[in-house]
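Please read this briefing alongside the sequence and the coordinates.

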Amino acid sequence: MRSNGNASARAQYEKAVPPYYYRPQHNDCAVLRDQWIRAKYQRLEFTGETKYPPLSYTTGFYEGMLWKKGKENMQFLKRKFVLSEREFTLTYYNRENESKGPKAVIPIKDLNATFQSEKIGHPHGMQITYQDDDHTRNLYVYHESPEVIVTWYNAIRAARYAYLKTAYPTGSDEELIPKITRNYLKEGYMEKTGPLQKEAFKKRWFILDSQNRKLFYFKGKLDAEELGVIFIGTESNGYSVKDCVPKHARGNKWKCGVTVETPDRQFVFMCELEREQREWLNALRQVLSRPMAPQDYSIEANIKYKR
């Protein structure tokens, strides 16, 4: 009886959920889960009835103010953002006066958005990441309204979905929807040494983007740009990961080692706890075990390792 009731409720309240609209999972942040419930049962957004005015994330154009972290400091300032599905761009302005032009025009092509409440220190915090020339750029934003920040998230997803349908016209929703946006497989601090493994270990923030097979490292967890990036291929292509004990320990405070082998270099990282070491090993092995797609080879070729 209960399952029949749930199915009946879904048929009514989830009748017309857009394919790009994010359906939260149990481990997603509170703001996504809460706004999903409110969108269904309070605002009745998915019943299939015509809405006037139309829902903001369905119009192909969205603009408004977001609090954005400065590139070189921790200060958040209000900035105007404009999302255009027609132009496949997200634009933001440094000042409310637009006469001086935008600070950045970001192509939707390589853009990702993910909620980062704990990392940013705000329950509605969101990280926007995109490719900027030869490096990756992170924007950290939030809005006081939970409804507005989730609307931004789904408006970005709508634009990404439209772009993917244009770029891959024969792609099915089953193939394209997982590519709209993604959460990162693993993040956290590890210590890192240099290519000779005699250099001092330094604490770095790491992000493992499993979709693009990239392990980024940053000086701090809210840095705008990475210090470097490591491609994670497959064992058949000369990549591997294992636990280790460091040969040299200059500046090294942590003792739980992770070694990543690539065809060009060996990387040695240290975790503070054995639990974190296991989590990193498991996450990296998950990427290693997935066969490389044709586009992965071009990503691999474009990565230049830094010290």
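Helices (H or I, at least four residues) and strands (E, at least two) are DSSP runs, numbered from the N terminus. This is a predicted model, in which local features need pLDDT of at least 70 and side-chain atom pairs count only at pLDDT 80 or more, while totals for chains, interfaces and linings use all residues. Residues are numbered from 1 along each chain as its sequence is written, and side-chain values use heavy atoms, with hydrogens and water left out.

**Backbone geometry**

- Tyr-52 and Pro-53 are joined by a cis peptide bond, for which omega is about -5°, and Pro-53 has its place in the loop between α2 (30-41) and β1 (61-69).
- The loop between α2 and β1 also holds Leu-44, a residue other than glycine whose phi is positive, near 50°.
- Leu-44 counts as partly exposed because its relative accessibility is 34%, given that buried means under 20% relative accessible area, exposed over 50%, and partly exposed in between (1.4 Å probe, protein chains only).
- Arg-213, in the loop between β9 (202-209) and β10 (214-218), likewise is a residue other than glycine with a positive phi, near 60°, and its relative accessibility of 0% is why Arg-213 counts as buried.

**Largest pocket**

- On a 1 Å grid over the protein atoms alone, a pocket is an open set of points where a 1.4 Å probe fits, with protein on both sides within 12 Å along at least five of seven lines, and lining residues have an atom within 4 Å of a point.
- The largest pocket holds about 1,200 Å³ of space, where grid points are joined across faces, edges and corners and a volume is the space filled by probe spheres set on the points.
- Its lining comprises 39 residues, and those nearest the centre are Asp-110, Asn-212, Lys-214, Gln-295 and Ile-299.
- At least two lining residues come from each of β6 (126-132), α4 (146-167), α5 (173-176), β10, β11 (228-231) and α7 (294-302), with α7 giving the most, 5 residues.
- By class, this lining has 13 nonpolar, 11 polar and 15 charged residues, where Ala, Val, Leu, Ile, Met, Phe, Trp, Tyr, Cys and Pro count as nonpolar, Asp, Glu, Lys and Arg as charged, and the others, Gly among them, as polar.

**Second largest pocket**

- About 670 Å³ of space lies in the second largest pocket, which is lined by 21 residues, with Phe-115, Gln-116, Ser-117, Glu-118 and Glu-187 nearest its centre.
- Two or more residues of the lining of the second largest pocket are given by each of β5 (112-115), α3 (117-120) and β8 (186-192).
- The lining of the second largest pocket divides into 9 nonpolar, 6 polar and 6 charged residues.
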